[in-house]
Structure formats: structure tokens, C-alpha cells
2 protein chains.
Amino acid sequence: MPTPAVVLLSGGLDSATVLAMAGEQGFAAHALTIRYGQRHAIEVDAARRVADRVGVQDHKVIDVNLRLFGGSALTDEVEVPKDTPEELIGREIPATYVPARNTVFLSLALAWAEVLHAQDIFIGVNALDYSGYPDCRPQFLDAFSRMATLATKRGVEGNMRLHIHAPLVHLSKAEIITRGTALGVDYGLTVSCYDPGDHGEGCGSCEACVLRRNGFAAAGVQDPTQYQSGAMHP
Amino acid sequence: MPTPAVVLLSGGLDSATVLAMAGEQGFAAHALTIRYGQRHAIEVDAARRVADRVGVQDHKVIDVNLRLFGGSALTDEVEVPKDTPEELIGREIPATYVPARNTVFLSLALAWAEVLHAQDIFIGVNALDYSGYPDCRPQFLDAFSRMATLATKRGVEGNMRLHIHAPLVHLSKAEIITRGTALGVDYGLTVSCYDPGDHGEGCGSCEACVLRRNGFAAAGVQDPTQYQSGAMHP
């Protein structure tokens, strides 16, 4: 029987790639999508399509309304910054930062992992493109892993050590796209935009769209993304 | 302006005591109740009554359905073990353990703390009575604090170090009751039972009821708990 792993699957480009990588490494993927009150709930539909296409052991969608706390353009009703100059990306913590998001996401993954007796959690964080998010850095992931091993029944009994896999952490967006394309990921199913159209079309100009467009260009891979009419194309 | 703190408030005896202690220490309490799919949702009503009575800065109730993952008598549809012999309490990890519960709870508290610019989180864990729960131990809380400081914007900027307050961690149930009674906590508002009646009456025989009853007896404090008719009284 293959080894179970919990894979955090947002419906975006990065986590779709991570899901394919987990399968390549021989894990039986249990995909977990967290509906945290984000405006782009269209991502959850994308996650379902990606999970269906890749073929997972199980896919669960859990709700946790982080909007309740406020504090971010992604969950508040405020304007998403458009046309973020590329030289600023990664320089400072962006307004789209959701407080403690990855801590909450990894905690929920840990709960499922413990039930599954899984020791492996996959997350698509990326320290290069998103170095402004503190909870995407390797130091954070190491600290989470240490904490999680102490938190669990099997960790305390000495039968497991939780392993957080972040296979994208040192890859550029172009490298991610190159790896995923080699693994057969259909990026046309994924949504990255912070402010997508009704069918998941990208706005073309938010930070996520800019990183995605530039990534496809740098990888020399055809960009399958649908952009909203009137959006700037590369 | 008083310093804000997030206080995890379940509606049970322990967290009601912690809320009073946070106030005694001069913090402006932001109470957080997490409805995690537990069968005893009656606790949430108790939490509202306790927050109202004590007087808090704010009280939020957030839903996260940990039943989705299964794995515990508290969230699964299985029988709660009754008449747990007292000598077994704390000896092994109980069947009522909810996977990664305190990790999830503290992560949600962290999200709110970050929005509030709060550096303090209070949690009513207790290492003596519940030593079987790995995520109640001081080593776990220290590891969570280190992880959380690395997870947050202000932690990375060096402007904060998250402090997890667990003022009950080394107290017996009797000591908790003595402290809370001195602070004016109305334990008649709280619910501890794993399998309460429709109005929060204790079954009198589950692990939580046994610990509670014995705690009042040992503290020499009148037990204000309503027990179900037919329940064994001390």
C-alpha cells in the first residue's frame, strides 16, 4: 500500500505542481482544500478539477472563515493592489498577506495527517517569489515540523516525525512551470489571480497574474491562462 | 489603553478561569470560541454566558469542522467512555483526544492576535489532569511559540515575540477552582461534561465530570454543577 500524504491544494499553479510531485514520489495523495473566506472561491472549483484530473486518494474541502479576523486584502473587502511593480515583489510583506494563513493551513493538514497515520504533508510555498510572506520561509516550516511532532500522539510515542515537504521552496516560477509541465500538469485548470472573473479568468495585472505570466514566458511554455477581455497580455 | 490578548474560551471550567486570570493581569481579553464540530455544542452557549458575565473586549465564535477528519470520540459518532477509573486518567492518551486540536486552536488565535497586534494568547491547558494529551504539555507550547514568532509579519520584523500563557498548566483541578473562585468565576455557567444534557447538565460519570466533581470536593468548594437526574453524585 502506498504511503499516505496530505497535500494542501489551493487550485493555483503552485499546489497543482506539488500534487503532481507527491504522486511522482510515490505518495498516495489526500488533497486538502481550505475555503478560508477568500474572495476568489473560484479557486475551490479549480482545486476540484485538478484533484479529479490528477487522481487522488481522497479530496476534502474544509471551511474556516478567516475573514472573521480581517486584516488582509485577500479576505477583507478592500481593493487588491494592481500593477505591483515587479521590482517590488518580494521586497516587502504584501497587503494580500492573510494573517497566520499557512500556520492555520498546516494545522488542519496535521489534524488529517494524524488520523491517516501520515507523516508527510506537502505545501506549495515558495520563498523566492513570495519572500515577503513570513510563513513561506524554510525556518518557519522547520519550526512547524518540530512543533507538530511534539503535538501528536504518535510523535510523543516516538513512532513518527512529521515531515513538511515544500518542494517549490527554492524554485522560480519558471522552474515550477517547467517541472509541472514535465509531469503533465494541466495549468489551464488552475487559477492564480487575486481578483478573477466569474469563470476564473485572470485580471492579468495583480501580483499573482504578473508572476504567472512572467513565469510562463521565462519557461518558454505556452500560457494556457484565460485572461479577462481588456487585460494586458504579455 | 490595556494590552490586548486573545483568550481561548471553550465554555468549560478551565478556560473560564483563564479568562478571569487574563483580566486580573490587566489584559483586554478578546475571547475566541472555536466550534469544531463537537457534540457538546452546548459549550458554545456556556462560552457566551461566561464572556458576557466576565466582560470582554470582544468575543468571536469561529467554525471549523474537525469532524471532517474523524479520529476521536469527541467528534466522531462513537460512545464516550464512561466511568473512567480515576487511576487511569492521565496514564494514556484518551479516546476523546481530538487530533491536533490545540494546534488548530492556537493557530486560529494567532491569526486574530496578528490582526490585533497582540503578543499574548491564553489557553487553559493543564498538564497534570490531562497529561495524556500531547498538545497540552509545556514542550509543545514552547515549540508553538517559537514557530508562531517565525510565522508572523511582526515577529519577522523583530517587533514581537508571541507569548503563550498557560497559567493552569501545573495546577490541579482543585487549585484551579480555588483560584477561580477567588477571582469570582461563576462555575455554574460553565460546562465540562463530554456528553451533557440539553441544558448543559453533567452526566456525572465521564472523565471530565469525574475530574470536575473531585476538584470541587478537594477544593472544599460547593459544586454548582447541575447533573442529570440519575447521575451518580459525590
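**Figure 1. Secondary structure of chain A in the predicted model.** Helices (H or I, at least four residues) and strands (E, at least two) are taken here as DSSP runs, numbered from the N terminus. On that basis the secondary structure of chain A comes to seven helices and five strands, and read along the sequence these follow the pattern β-α-β-α-β-α-β-α-α-β-α-α. The model is predicted, so that local features need pLDDT of at least 70 and side-chain atom pairs count only at pLDDT 80 or more, whereas totals for chains, interfaces and linings use all residues. Residues are numbered from 1 along each chain as its sequence is written, while chains are lettered from A and ligands numbered from 1 in the order in which they are written. Buried residues (20 or more other C-beta atoms within 10 Å of the residue's own, against 12 or fewer for exposed and a count in between for partly exposed, with C-beta atoms placed from the backbone) make up 53% of the 234 residues in chain A. Among contacts (C-beta atoms, placed from the backbone, within 7 Å) in chain A between residues at least 6 apart in sequence, 73% join residues at least 24 apart.

Figure 2. With the copies superposed by least squares on the C-alpha atoms of residues with pLDDT of at least 70 in both, chain A can be laid on chain B with an RMSD of 0.0 Å by a turn of 180 degrees and a shift of 0.0 Å along the axis. That is the relation of a two-fold axis. Of the residues of chain A, A:Val64 comes closest to the rotation axis, its C-alpha lying at 2.6 Å.

**Figure 3. The surface through which the chains meet.** The contact takes 38 residues from chain A and 38 residues from chain B. On the side of chain A that touches chain B, the elements giving two or more residues are strand E3 (58-63), helix H3 (101-116), H4 and helix H5 (153-156). By class (Ala, Val, Leu, Ile, Met, Phe, Trp, Tyr, Cys and Pro as nonpolar, Asp, Glu, Lys and Arg as charged, and the others, Gly among them, as polar), this side has 24 nonpolar, eight polar and six charged residues. Because 100% of the interface residues of chain A are also interface residues in chain B, the copies meet through the same surface.

**Figure 4. Helix H4 of chain A against helix H4 of chain B.** The axes of the two helices (residues 138-151 in each chain) come within 8 Å and cross at roughly 160 degrees, where axes are lines fitted to C-alpha atoms, for helices over the stretch in contact, and angles run from 0 to 180 degrees between N-to-C directions. H4(A) and H4(B) are therefore roughly antiparallel to each other, a term used for angles over 145 degrees. Residues making the contact include A:Phe140, A:Phe144 and A:Met147 of H4(A) and B:Phe140, B:Phe144 and B:Met147 of H4(B). By class, the contact of H4(A) with H4(B) has 12 nonpolar, two polar and two charged residues.

**Figure 5. Helix H3 of chain A against helix H3 of chain B.** The axes of H3(A) and H3(B) come within 9 Å and cross at roughly 170 degrees, and the two helices are therefore roughly antiparallel to each other. Among the residues that make the contact are A:Val104, A:Leu108 and A:Ala111 of H3(A), with B:Val104, B:Leu108 and B:Ala111 of H3(B). By class, the contact of H3(A) with H3(B) has eight nonpolar, four polar and no charged residues.

Note on methods
Angles under 35 degrees count as roughly parallel, over 145 as roughly antiparallel, 65 to 115 as roughly perpendicular and the rest as oblique. Two residues are in contact if their C-beta atoms, placed from the backbone, lie within 7 Å.
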